[in-house]
Amino acid sequence: MNPRERVLIALKHEEPDRVPIDLGGTDSSGIHVIPYIELRKFLKLPHKPVRIINFIQQRADVHDDILNLFNVDVIDITRVSEPCGSRYALWRYILGDGTAFEGITNKWILWRREDDIGYEAEIPSYIQVVKSNNDYIAYIGNKILAKMPRNGYYFWGVIDKEKNILYNARTVDDIKKFDWDSYKVSDQFLNLLRERAEYLYKNTSYALAFVEGATLHEWAQGVRGWDKWLSDLRIRKSLAEAILDIRLEIVKYNVEKYVDVFGEFVHVIGFGDDFGTEEGPQIDVKTFREFYKHRYEELFSIVKKRSRAYIFFHSCGSIYPLIKEFIDIGVDIINPVQISAKGMDPEKLKKEFGDQITFWGGVDTQHVLPFAKPNEVIEHVKKLIEIFAPKGGFILAPVHNIQPPTPPENIVAMFKTAYEYGKYPIKR
Amino acid sequence: MSQEVLVKIKESLVNLDLDRTIDFVKKAIEYGVKPIDIINVLADGMKIVGDLYERGVYFVADLIIASEIFKEIMNILEPLIMREKEVLKPIGRVVIGTVEGDIHDIGKNLVTTMLRANGFEVIDLGVDVSPQKFVDAVKQYKPDIVGMSALLTSTMINMKKVIEALEKEGLRDKVKVIVGGAPLTEKFAKEIGADAYGENAVIAVEICRKLVEELRRSRY
C-alpha cells in the first residue's frame, strides 16, 4: 500500500495497513527551523540548506530524507525541497497595510541570525530582515510584514496603524475604498502551483494537500486586530458584515481558481480559522451561525461540486461546540485536534464525531513534545492511536508546528511509535 | 432616579450593549451621580460578566466586549474624576508584562482591564519585557504583585529568569508573583517559583485579591 492509498482509505473511514503520518504536510503540522536543524544533526543526516517555507512561523521545509525516515504519507504542494518539481517559493502574505503580497520567486537568500539563537536558513529573496534595537523587522518592498523580538522564535504580523485602511475603517464606505485587488490570486501563481501539483501527482505516491484555501475570521482578526474584530462581531455588526461580504467574494474567486486549475491533482484542500482558546471557543455557536456558517458553506460547495478533494478545516484550541457545525457544512477533516484544550477529550470526540469526520493531528506540541521524556511521548502517541485509529478516520500529526525547545529524541520517539504501533489491527 | 440609572448602567454592561451603557452613564452624570458610584456599578457588572464567563455562558469575545465598554466609559469618567479630585484608593498595585521574546498581548491586556475594572492600579510594561525591566519596575513602583504573561511554550521559560532576577536583587519577598498564558499550567507555575497561576483573566483577578490580602497580613 502506498502513502496516497493509505491516506485515502483512512479518509474513507476504513482501516488501511497503518495509521497515516504527517509532518509538514500542512502549514500547521510541520516543524520550526530550530528543532528541525537539531533533529537533522541528531540523526546525523547530511548537511543540506534548510529553507523556511512560512517566514512568519519560521517553519522549515521538511527534506525527503526525513519524510522517508519518519514514513510520512502526505506532502504540501507548496513545498520547495525534493520531491518538488519546480523550485519556486509560492506563498501569500498579508502586509501591515492590510494588502496581500503574492510571493513568487526561485531566488533564496541566506539569513543568518546574529543573536543568542543564531541559526542560518534560506528565506525567499523578496523578504528583507532588518535588525533594529531589540527587534527584527521583516519588510517586503517598503512595506512592513512582521516583527520578532531579539532572541524570539516566531515573527508576528504587524498592523501598520497609520497605513492600514481596514484597521481604521469605521463605515461600510471605508471598507469599499480599500483596494482589494491584491487579494486575488494571479494566473502566474496558479499555473506554478498547478505545475507543482501535477508533477507531484504523477511522480510521487504521496497524498497531496493544499491548505491555503481561505480564512475569514483569522484574516479579519489579522487586519482589524484580534480583540477589535471580536467586538466588531457584536457592537459593529454592519461593518463586520460588510467586511465579510467583500472578503467572501474575493476568496470565492480564489477557491474557484484553485479548484479549477489544480483541484484534480490534490487530495485535500484546506481552510482554516482558529476559533478556539485553551478554555473554549472565542465566539458562541450563535455568532458562528450568524457570521460564518453560510459563508463557509458557499466556499465548501465550490470544492465539493468541482472536485473530489476532501475538505480539511484547521481550527486551534477548544472548539468542541463548533465541530457539529463544521460537519453540517461538509468539512471532512478536522485539524489540529488540540486535545489539551478544554472539552477536547479524545474519547468523547471519537465517539461523538468519529464516523463523520477525520481527525488530523493530536500529538501535543505544547506540553508533551517539548517537555516530556521520550517514554512519555511513546505512551502519549500509543494512547492517541488506541483512541483515534479504530475504523480509520485518523491521520497522526503534531497539533501544531513542532517548536523549540522540543528535543530531537522526542520527535524520533513520536514518529517511531506512530509507525510501529499504528499498524492495523490496533493492539490494545 | 440616580439609583435606577445605576442599575441600568450595570445591566447594559452585562448585556454588552455599548450604546446603551454610554447613554445611561451620560444620564447619570446629568443627574449628578458621582463618578466613583458609576465605577462601582461598572465593577459589579464586570464581576457578573466574569461569572458568566466562568460558567461557560459567556465566551472570550464577551469578556473583550465588556472590557471595551468599560474602557470607553472610563474615558468619559476620567476627566470628571480629575476635576472632582475624588480619590480612588486602589486595592493593590500590579506591575504586568509579557515576558522577553514574546510579543503577544491579548491575554495580558485582558487581565489588565479586568484588574483595573476591579479596582487595582496596573502598571503595564508592555510586551517583550526583559527581566531587568521587571526588576527596575519593581524598584520604581513598589507593586504588591508582579504579573507575567506568555503565549509561547518557548518563551514561558523566561518567567523563571524574572523570578531569579527578583531574588538576586532581594526583591522576591516584597512582591507576589502571578503568571498566566495559554501553554502554562499550575505545575509549571510552581516549578518556577511563582506564587500563583491565573488560568484566565477572571480567576487572575480573584487570585490577585487574595495575594494582596496575604501580603497585607504578612506586612503587619
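How many residues of domain 1 of chain B are in contact with domain 2 of chain B, and how many of domain 2 take part? Before I answer, please keep in mind that this is a predicted model, in which local features need pLDDT of at least 70 and side-chain atom pairs count only at pLDDT 80 or more, while totals for chains, interfaces and linings use all residues. Residues are numbered from 1 along each chain as its sequence is written, and chains are lettered from A and ligands numbered from 1 in the order in which they are written.

Chain B is divided into domain 1, residues 2-84, and domain 2, residues 92-219, with bounds that come from an automatic or database domain assignment. The answer is that 11 residues of domain 1 of chain B are in contact with 8 residues of domain 2 of chain B, where contact means that the C-beta atoms, placed from the backbone, lie within 7 Å. On the domain 1 side, the elements that give two or more residues are helix H3 (35-54) and helix H4 (60-84) of chain B; helices here are DSSP runs of H or I with at least four residues, strands are runs of E with at least two, and both are numbered from the N terminus. H3(B) gives the most to that side, with 6 residues.

Staying within chain B, the axes of helix H1 (residues 2-14) and helix H2 (residues 18-30) come within 8 Å and cross at roughly 160°, the axes being lines fitted to C-alpha atoms over the stretch in contact, with angles that run from 0 to 180 degrees between N-to-C directions. H1(B) and H2(B) are therefore roughly antiparallel to each other, a label for angles over 145 degrees. Among the residues that make this contact are Leu6(B) and Ile9(B) of H1(B), and Phe24(B) and Val25(B) of H2(B).

Let me turn to the contact between the chains, which takes 27 residues from chain A and 20 residues from chain B. On the chain A side, strand S11 (143-149) and helix H8 (226-235) are the elements that give two or more residues, and H8(A) gives the most, with 7 residues.

Finally, chain A has an open sheet of 3 strands in the order S1-S3-S2, with antiparallel pairing, where two strands pair if DSSP finds at least two bridges between them. Strands S1 (31-32) and S2 (52-54) of chain A stand at the edges, each with a single partner strand, so one side of each is left without a neighbour in the sheet. In S3(A), Ala60(A) is the bridge partner of Ile52(A).

Terms used: Contact = placed C-beta atoms within 7 Å. Parallel < 35°, antiparallel > 145°, perpendicular 65-115°, else oblique.
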